[in-house]
Amino acid sequence: AQNDGDTICQNGSFKGKTLSTLWTEHPELFDSQKRKFPFIISLVAPVDNLSVQVHPTKKVAKKLGYSMGKNEAWVLLDTKQDTQLVYGSKVKIPELLNRINHRQFENTFNSIKTNTGDFIYIPAGTIHGLGKGNIAYEIQQSTDLTFRLYDYERRETDGSYRKLNIDEGVQSISDADSDYNTTHNYLRQKPVDLLKNDQIVIHEYISNSAFTITKVKVSGNVTLQKDGYWLTTVSAGKGKINGVPFKFSDNFIVPATMKQIQLSGNFTFMITSEQPVTGNNEKEE
């Protein structure tokens, strides 16, 4: 539901309607207190290293006319033996800002080996860049601002270097907690088990004011009670939800009006929501 693109409903009674239309005309589907749709969800599989970038803090975003900053997170669904990502700085903040301002990028950013299953939280103001060969479930707040700090000297088709956003990036780093760029506290956080038995495992990766990110793995048949809406991506397998079939890579919304769901099959969901996915009153069928 962004200005430059809007997801379109593919089937059912709302087929053909955009997500922004549903958000405005059918608020009961979301039961949200937020003014605009709050998330951008993507599956990202770069064939080359993505640029080293940073997203704005709330203060910087408001200065540029946006209502909120941009926190982000990745769940790495697949990696290879040599895949990596960029996260944070090798040097302290004053030296970091000096190097960025002077375009001195060699030995400035941390390069981190990636592992399948890693959860990586990227608070606003954190330097990051996903490396080639990773496949990531990517969650972002819906402020459509990204500031490019370094792009490996790549050029546009006219031969010019790709545009960098040094001033805005430096402002965002300066306004963020220095801990975000000088520690690895937000790498490979382990999920919390909310529910675990032979039929279902529910992991919660993170739950804060920006988003709640959860993984649900089902092997069999279960019934769940839920609150709020789920933005759901099928990251493995296939199954059914309330009798409707789905398969790997499908994306769908489980609306707030659906208080009970029946799940069957062998699959894994990634869920982004505003409310925790608790698994309360789960029962086997």
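This is a predicted model: local features need pLDDT of at least 70, side-chain atom pairs count only at pLDDT 80 or more; totals for chains, interfaces and linings use all residues.
I searched the whole structure and got seven salt bridges, each being a side-chain nitrogen of Lys or Arg within 4 Å of a carboxyl oxygen of Asp or Glu. Residues are numbered from 1 along each chain as its sequence is written, and side-chain values use heavy atoms, with hydrogens and water left out.

**Entry: Asp48 and Arg154**

I looked up this pair and found a salt bridge with the closest N and O atoms 3.3 Å apart. It links distant parts of the chain: Asp48 is in the loop between β1 (39–44) and β2 (52–54), Arg154 in the loop between β9 and α4, 106 residues away. For the element names, helices (H or I, at least four residues) and strands (E, at least two) are DSSP runs, numbered from the N terminus. Asp48 comes out partly exposed at 38% relative accessible area, and Arg154 partly exposed at 22%. My cut-offs: buried is under 20%, exposed is over 50%, partly exposed is in between (1.4 Å probe, protein chains only).

Within it, I checked Arg162 and Glu156, whose side chains meet at 4.0 Å, N to O. Arg162 is partly exposed at 29%, and Glu156 is partly exposed at 38%.

**Entry: Ser160**

Ser160 is in the loop between β9 (147–150) and α4 (166–175). I have it as partly exposed, with a relative accessible area of 33%. Its side chain makes a polar contact with the side chain of Asp158 at 2.6 Å; that means N or O atoms within 3.5 Å, where within protein one must be able to donate a hydrogen and the other to accept it, and residues adjacent in sequence count only if both atoms are side-chain atoms. Not counting residues up to four places away in sequence, Ser160 touches Arg154 and Arg155 (contact: heavy atoms within 4.5 Å).

**Entry: His128**

Is His128 buried or exposed? At 1% relative accessibility I log His128 as buried. His128 is in strand β7 (residues 128–130). Its side chain makes a polar contact with the side chain of His55 at 3.4 Å and reaches the backbone oxygen of Thr126 at 2.9 Å. Leaving aside neighbours within four places in sequence, I list contacts of His128 including Ser51, Glu72, Trp74 and Tyr87. Ser160 and His128 are 32 residues apart in sequence and 24 Å apart in space, C-alpha to C-alpha.
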